[in-house]
Structure formats: C-alpha cells, structure tokens
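Grab a pencil and open the model viewer. Let's work through a few exercises together, one step at a time.

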Amino acid sequence: MNAWIKAATGAALSAALTLPLATQAGELTFWNGFTGPDRPTIEAVTAEFSAANPDTPVAMDIVPWDSLMQKLLTALGSGSGPDVVGINFAFLPQFAKSGLIMDLTDHLTAENDLDPANWSEGLRSVLQVDGRYYATPINYATLLMYYNKDLFAEAGLDPDNPPATWDAWIEAIRATTISEGEAQYGLTLPDHQTIPNWPILLWGNGADIVVEGASGLSEPAAIEALELWSGLVVNEKISPVGLTGAEADKLFETGKAAMGITGPWMTNGFTAAGLNYDVTPIPVGPAGPVTLGDTIVLLVNKDTDDPEAAIKFLAHWNSKEAQLRLANETGFPPSRTDLSTSTELTNPWAAKFAAVVPQSRFNLAGQDKFSQINDDVFTPLIQTITLGRASVEDAANAASEQLGSLLQ
Amino acid sequence: MAASSRQVGQRGTRRRGVAGRHRQTVTAMMFLAPSFVVLAIFVFWPIVQSVVLSLHEWRFGAEHQNFVGLANYEKMWRDPRAWNAFWNTVYFTAFVVPLGVAIPLALALALNAAIPFRAFFRAAIFLPVIASFAIMALAWRFLLDPDIGILTYWLSFFGFPRFSPLRDPDWAMPAVIVVALWKNIGFNMVIYLAGLQAIPEELYEAARIDNAGRWRQFWSITWPQLKATNVFVFVISIIAAFQVFDPVFVLTPNGGPLFSTETLVTFIYRQGITQFDLSYAASIGFVLFAIVLVLTVIQLWFTRTGRE
Amino acid sequence: MAAITLNPPARRGVAVQSRLWTLMTLAVLAVIALAVLFPFVWMILTSFKPEAQIAQFPPRLMPETWTLENYQNVWSRIPFARLLLNSIIMAGGVTIISLLLDSMAAYALSRLRFPGRDVIFVAILVALMLPFQVMFIPLFVIVHDLGMLDSYSGLIVPRATNAFGIFLLRQFFMTLPKELDEAARIDGASEFAIYRKIILPLSGPALATLAIFHFMYNWNDFLWPLLITSSPDMRTLPAGLALFVGQHVVEYGVVMAGATLTLLPLLVAFLFAQRYFIQGIAMSGIKG
C-alpha cells in the first residue's frame, strides 16, 4: 500500500513537471461555445483554415457558453485570453466598452473578403458600437414557426395552409389546444433559458421592451400584446407556464404541442423523431411581419500577437465557402445576404430560414445591460402575468419603472 | 484499564513539562506547514484579494478600479433581490440541515447493524453523492416534466394531478430541497458510518447486559460517542447549505420562477459572471462569509464548553 | 450475552422483536433505495435508446430498440481515453497528496498541544467559508502568475490540501484514545512515527471516506478544470461530456452514455473503499 502511494505520488509529480506548453508561437487561439450538434461543422471550418495557413494553425477551445464567459472574465484580466473569441452579439457592447477588443472598422473591406455591404442592415447595426465595427459574424439564426401537420389535420385545419396572420394563428392555437384530460398545447411560449419568444409578440403589435432609450413596457401597444397573449395562456391554457426553450422543444417533439417558435437547430431532431411537421414564417401581427434574429460574432483580442492572421481568420468565416458549408450542414441561413438565394444553398431548411432574414430583428440590440433587462425585468414580468399573479397593467407598469432606472 | 493508562499519560506529560511542550509546538508547526503554505497561496490570498475587490467598483477591462469603500455593502442592504436571496438561503438551510442530518444518521444506524444486503444499500444510497449533479439534474428535469416525464405519467395513473413543482414559485424550493437531499444524504451517512465504527463494541455489550433498549442505547452511548462526528456534520452541513449552488443552479436556472429559488451564491453568480459586477458579487460573498463564520464559531463554542 | 442465556423467555421475545425490526428496516431501506436508484435506472436505460426515442409520449422506461450508438459516439466524438487519463491523474493526484497533507495537519490539530491551536483550527475552517464563485478570479490570477495554467500542476497543486479534509480527520483523530500516543511518547517514539505507525493505521474508515470524497469531488468537478486549461488535451471527463450539451440541443443519449461510463470508475472506487469501512469494525474491537 505504502509503496503504491509512493509510486503514484511520484507519477503524479513527474506528470506535473513535464507539463505540455499550451500555446506554440504562431498559433492562433480561438475560443467559442459551439457545443452540441453544430460542433463538427465548426471544427471542420476551423480545420480548413489551419490547413490553408500552416504558419498560423488554430488552437480551438470549445466550452459551454456560460463557462466561456467565466473563462473570458478570468483570462482577459490576466492577459491570457485567446486571440479570437466567438460570443453572442448581445455581449458586444460590454466588450467594446471594456477596451479589450480590437476596433475592426478599417479592416472590413471587400479586398479582405469582409464587406459590410454583404450583411443585412440589422446585422450591421449589432456589429457596431458607437459607429465602429468590433465584430464579424460566424452564423446567423432566424426563427420560424414550427407546426405539427398531423395535429393540424386532427383539429380539422389544413396542414398545407398554416396560419399567416395573428387572427388565423389564434384560431389555429385554440383549435389545437386540449385542456381537459390528456393535455395538448396549441403553442409553446418558453420564458427563460430560451431563444426569446415573447419579444416577437411585442414587435408584432408594434411595441418593444426598449423604445428610443426608454422603457416601452407600459406603452398601450405593449400592454395590449401582453394582455392578449398572457390571457390566452392563463384562461385558455394554450401553453404551459415557466417553460425553458428545451422543454418547449420537447413538447413539440413528443406531439404534445402543435406549434412552437424556434430556430433552425431543431430540424434534425424533429425529423429524426419521425415528426410530420413543417416551418412557416411567424404569423403577421398588426404591425407587420417580424421575426427574431440572433448571431454569434467573432471578436479579436486587442493584445493578439498576430492581428493580420486574426483578420484573415475572420474573413475565412465570412467567406462564401464557409458560409455555404455552415448553412448546408446546420440549416442556419448564411450570414451574407448575397448568398440567401444562391443555387449552392442546397439545404431546404436553410433556404426557408434565409427567406425571413430581411424581417429579422435583434432583441435588446446595443444594450450593455441586456442581461439585467432580460433576466431581472422582462422574464419576471412574463412569469408574473402568465402565472396570473398580477394584472398585466400593474405588472407592466412596475416592470417599466424598474427598466427606466436601469436605462438611466 | 483505560483509567489507569490515562493516569500514566497525565503523569508523563507533567514529567516532560515545558521542554516537551516546546518540542510539540515545533513538531506541530512542521506538520501544519505544508497545508498552511497551500492554503495561504490558494485560499487565503484570494480571500484577501476578494475583500479588496468588494471595496472597489470593478469595471470590465479597466486598468484601475475606483475605490468605493462600503458602497457595495450599502447597495446590498437596499437591494430587495439580495434580501430575497438571503431568505431563500435560510429557507433552504432550515430544511436541508435537520433533514440532512437526521435521515443519514438513521440510515447509518440501520446499515451499521448486521442486516441483509447491507453493502448493496450502502452503495445504492451513496450513488447519488458520486454522480455528477449537472447530469443527474438533466435526468431529474426529464423525470419531473409535468407533460412528458415518466414519474408524473405514472403518478397520473394513481389519480395524481399534473404537477410541475419546478415551474411553480411556491413549490420550486421544496422540489430543490428534495433533490438536494437525494443527492447528499449518502454523504453524511458515510461520515456517520465511519463515526459509528469508532465506538467500542464493549459499551454496547455492557448496555445489553443491563437490558437497555435500542432507544436508551442510542441516547446513552451512540449519541454521546458520536460527538466529534456530529460537530463535523453540523458545521459542514451548515456551511454547505449556506453556500448552496449546484442543486439550485442546475434545477432552476435563472433563479427559478419569480426568483423563488435564488440563493445567495446563485445571486453572486448572476451578479458577478452574468452581469459583470464582480465587486458587488464579492461584497455579497463577504456577507455570506461573515454569517457562516459566526454560525460556525457559535457551534464550536457550544460543543467545546460541553466537552470537559 | 451471559445474562441473556440465563433468561430464555426474555431471549425469545427479544429475538422475535429484533426479527420484526430487521424486516421493517429492510422494507424502509428497499423503498429508499428504489427511489434513490430510479434516476440512475433511467439514465442507464436511456443511454441505450436511439436519440429519437428519448423524448416521447407516452414516456417509456425501456428502450423500444436497443442501441450501442451512444457509446460509440462517446468514444468517437471526444478523445475519451485522453479525458479519462486526465481525470485519473487529476482526481488521483489530488486525493493522494491531499490525504497526506490533510492527515498531517489534522494530526497536529488533534493530537499535539501547542499555543494557538484553536485559532489555527478556526483559521483553517475559514478556508471553507468563501464561495468559489467569489474567489475564482484571484485564484486564477495566482495560478497564471505561477505559470501553472493548462498543466497538471495547475489542476492538482491548488487542491493539495483541503480544509474539509483536515476538519474531517481532526474530528476522527480526536476520538482515538489519548493513551495510545502518550504511551508511545513515553517509549520515545517520534511524533512522525506516532502519526504513521499508530494514528494512520487506526484511521482506515476516515481515510477511506475522505479518499472517496476527494476523488469524487475532483472527478466530477467541471468548472475549475475548464477555467485553467484551454487545450483539449488537458481536459477532464465532465468537460468532454459538456460538449454534447448544446445551447439549444442536448444529445441526451450520448450524455447519459458518457455519464454512465464516468460513474463506473467511481462506483468501483467506492466498493473498494467499503472494504476499509469493514476493516474498521475489526479494529475498533482491538483498541478498547
């Protein structure tokens, strides 16, 4: 036993002493949070760059998104951060204001294959802070409404003619909701740990969380939208309350929900589950067609040893080949609008998600307190009204006041 | 025999006197030194740094942080979310500590006796302790799903209504407590098992000769003999309960419905990591630190006065 | 025992009562074990299901079709062997070194008399009181400044001792009779010899318990290894499994297969350590 302990201690110590050196000279370090099914594609596109640029191979580290933020907080503070990082666009204002990342404005040229003209207007606006570009996109997601064709047929609805307006939508939701006995939900409306759903309902009615730098939550259009949709949830049980995005997707996957609003990442799972479904643009509300856009963007560390290689890496992600490969393998729309109708876009899902890019909006774009606004104000507001804990007007006014003080 | 050797021991100590005590002090320092160096570098120094941080206004990426004195502590005093997190933590602790001590003790007593399948039961109850909570929480959330979870589905055959504790502001915390107990009862059970092993069998033999019942044996022998173990179990359980993070975070992310499960450490995480207010997070951490320190010293003081 | 044989009727009563007690205890334990094990049963059965059968309604416990695909995925899509090796080095290294340092400190705090002992004891407990979520940034900076990022030493050295372990062992050492070392001291034994030859051999149950805790804690720890390593070659198993948990899509089957494989070594370690618990019984008989 003692000999064994000694041997093992010795082994552990000698292992500790012969530690491998993490970064080699010339290596480009790249951190991101692409865990899950998209990882192989991300790895392949990165490997392509390494193969084409043997002098600056990429050392990639993939960790879950929330751990990535923790890693960045620690690493950037001690100067051991990566050269390039991929994060959600929502964090960009904070990073830009921190002065830790590179201003890319002067590098975004057609010669560098980083031409802003190829991005949609909405995307261009979230890549900038105070008029300067600090990021370029990796991917782009839009949301569509998924609907279960079998449940539509069972409810006497035409599976090939999904609702296109709010009125038709609500009718379809009511027809597919069964609240007695074995429950079935017309729609899923997740409120936390999810790609945002509720803001789309506000937008559809011409409202928003933040309007021109002030709270928009107590505006009549916002209250009207919240009353309509929370009323359907509370009184007609069209959706469970307190869902996460993953739970909502599972309800749709098991045929317990007829409709759901989500992104391109669910097509593979739903298809594998043998579900008879299709996607359609989110039915148009009084204020016109709108959906949510989301993007993972690349930032360059200000202290990078090789800014040139980093820019080249950004351009690699923005290249036609990389964007088409991403779109065709993952079903996400390309982040370049000039590829939306490309004949090389062979993934039919990607084409459908690409079709709504022009009407996509970014939630809380440019707000450096987006996390407080979303998690501390908006989510509790939705939970309060869908649980029926307060009247919509009271809850919205209280939330609006809280939001007002955050925005000051 | 025990009594006579104790006398020998006392005489021995007295004989060696001051020189012996000095030698023991030097030896003790040598025994403590390795641990102390590691703790100093990797625990105490970060703690000091965190105190400093809590007195500043930390800004992401800034070269110099502004000194703000106790402003972060003041902010906390006026922050209803901080108070909510405090009371939720007290709620959690008030249930998890007593139940998390009583149940494991009962299990340890049952599994210390000669009982069939003893090894199986020990391993079964200990299994959740060694499993990764992050992954088991995925399983629990699946099982407890009110619509497609197998537990709720089976219960519906017995007439139970659809039940979604994790989504209900009133039931989320009880559900977290139950799962936290599920995860941790094996931990204290094993500590108690080790403690029970150390009780000399002769004490029980003597009691059996006196025809003492189970209950009397427990209160007159087992409980007093478990004193050192109890001190450990209570102190550690309270420290752990006040610092609860994993069960809350993995079962009810974002603080649960209407922040009903937000505890001090999940609040710290939210302030520090999600919202980049690291100095506010540090100041909440220190208030938590102070509470736990006071509770621990009180416990040690009480058990100490009772000792000799 | 002698008293009981002198009194046969009472003995029969006791026997019946005690058999009833055993049966009741067994029934309660069986219910608890079933409830405790159920999520694991689900986990293991799910690991043999094709992904499309995991979320379904009505829910089913048993797979409709059994598949090893998830296990193949764990093997082929992450460098499982390398992660396993790293986990063993980290958890094993911490366990061995920490057991040594913890027990030495605990020995001083429980068996030696010196001024300031209680103050030092409380100071060590203080190490348990600040949550990791507050300390991790300064801790990271130190590991960085010592040049230990992305290395085994960075994984192991900061955990080379543990206040929890010192506390656990101190409490256990205090229950051992004082006469043991006093007698040895009179015989001229050195403190190190008392620690090694008397105290440690008597502490099998406590050391085995602590070994399991250290090993398990480091085996399952996710965040710390993730923070201080950045090359995939240095990652441990939980970080590898996290790669199957996407932001929007969780590959439950693969995660459960990986979790099952990750749990097995711990289960084996626990069953191994259990031998020492039982050994403890034999010893407590000798020592009175």
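Predicted model: local features only at pLDDT ≥ 70, side-chain atom pairs only at ≥ 80, totals over all residues.

**Exercise 1. Find out which element of chain C has the lowest mean pLDDT and which has the highest.**

Step 1: Start with the whole chain. Chain C has an average pLDDT of 87, and 91% of its residues score at least 70.

Step 2: Now go element by element. Helix α1 (residues 2-5) of chain C comes out lowest, with a mean of 38. Helix α4 (residues 80-111) of chain C is at the top, with 96.

Step 3: Keep a rule in mind.

Step 4: The predictor gives it an ipTM of 0.88 and a pTM of 0.90.

**Exercise 2. Describe the sides that chains A and B turn towards chain C.**

Step 1: Take chain A first. Its contact with chain C uses 43 residues from chain A and 39 from chain C. Among the elements giving two or more residues to the chain A side are α1 (2-17) and β2 (58-62) of chain A. The biggest giver is α3(A), with seven residues.

Step 2: Sort the chain A side by residue type. You get 20 nonpolar, 16 polar and seven charged residues.

Step 3: Move on to chain B. Here the contact takes 84 residues from chain B and 87 from chain C. Helix α1 (residues 2-54) of chain B supplies the largest share of the chain B side, 23 residues.

Step 4: Sort again. The chain B side has 62 nonpolar, 17 polar and five charged residues.

**Exercise 3. Work out the strand order of the open four-stranded sheet in chain A.**

Step 1: Read across the sheet. The order is β8-β11-β7-β12 (chain A), and the pairing is mixed.

Step 2: Spot the edges. β8 (185-188) and β12 (277-280) of chain A each pair on one side only, which makes them the edge strands.

Step 3: On average, neighbouring strands are turned by 20 degrees against each other, direction ignored.

Step 4: Zoom in on one pair. Strands β7 (residues 144-148) and β11 (residues 257-262) of chain A run antiparallel and are joined by four bridges. For A:Leu144, the bridge partner in β11(A) is A:Thr262.

**Exercise 4. Explain why β2(A) is largely enclosed by the rest of the structure.**

Step 1: Count the buried residues. Four of the five residues of β2(A) are buried, so the strand is largely enclosed.

Step 2: Find its partner. Strand β1 (residues 28-32) of chain A runs parallel to β2(A), with five bridges between them. A:Trp31 stands opposite A:Asp61 in β2(A).

**Exercise 5. Which residues have the most contacts inside the largest nonpolar core?**

Step 1: Look at the core, which has 303 residues. A:Val297, A:Leu299 and C:Val255 have the most contacts inside it.

Step 2: Follow one of them. Leaving out residues up to four places away in sequence, A:Leu299 touches several residues, including A:Val85, A:Phe95 and A:Tyr134.

Step 3: See who gives the most. That's helix α7 (residues 172-197) of chain B, with 17 core residues.

Definitions and conventions: Residues numbered from 1 in each chain as written. Chains lettered and ligands numbered in written order. pLDDT = per-residue confidence, 0-100. Contact = placed C-beta atoms within 7 Å. Nonpolar A, V, L, I, M, F, W, Y, C, P; charged D, E, K, R; others polar. Pairing = 2+ DSSP bridges. Axes fitted to C-alpha atoms, helices over the stretch in contact; angles between N-to-C directions. Core = buried A, V, L, I, M, F, W, Y, C linked by C-beta atoms within 7 Å. Buried ≥ 20, exposed ≤ 12 C-beta atoms within 10 Å, placed from the backbone.
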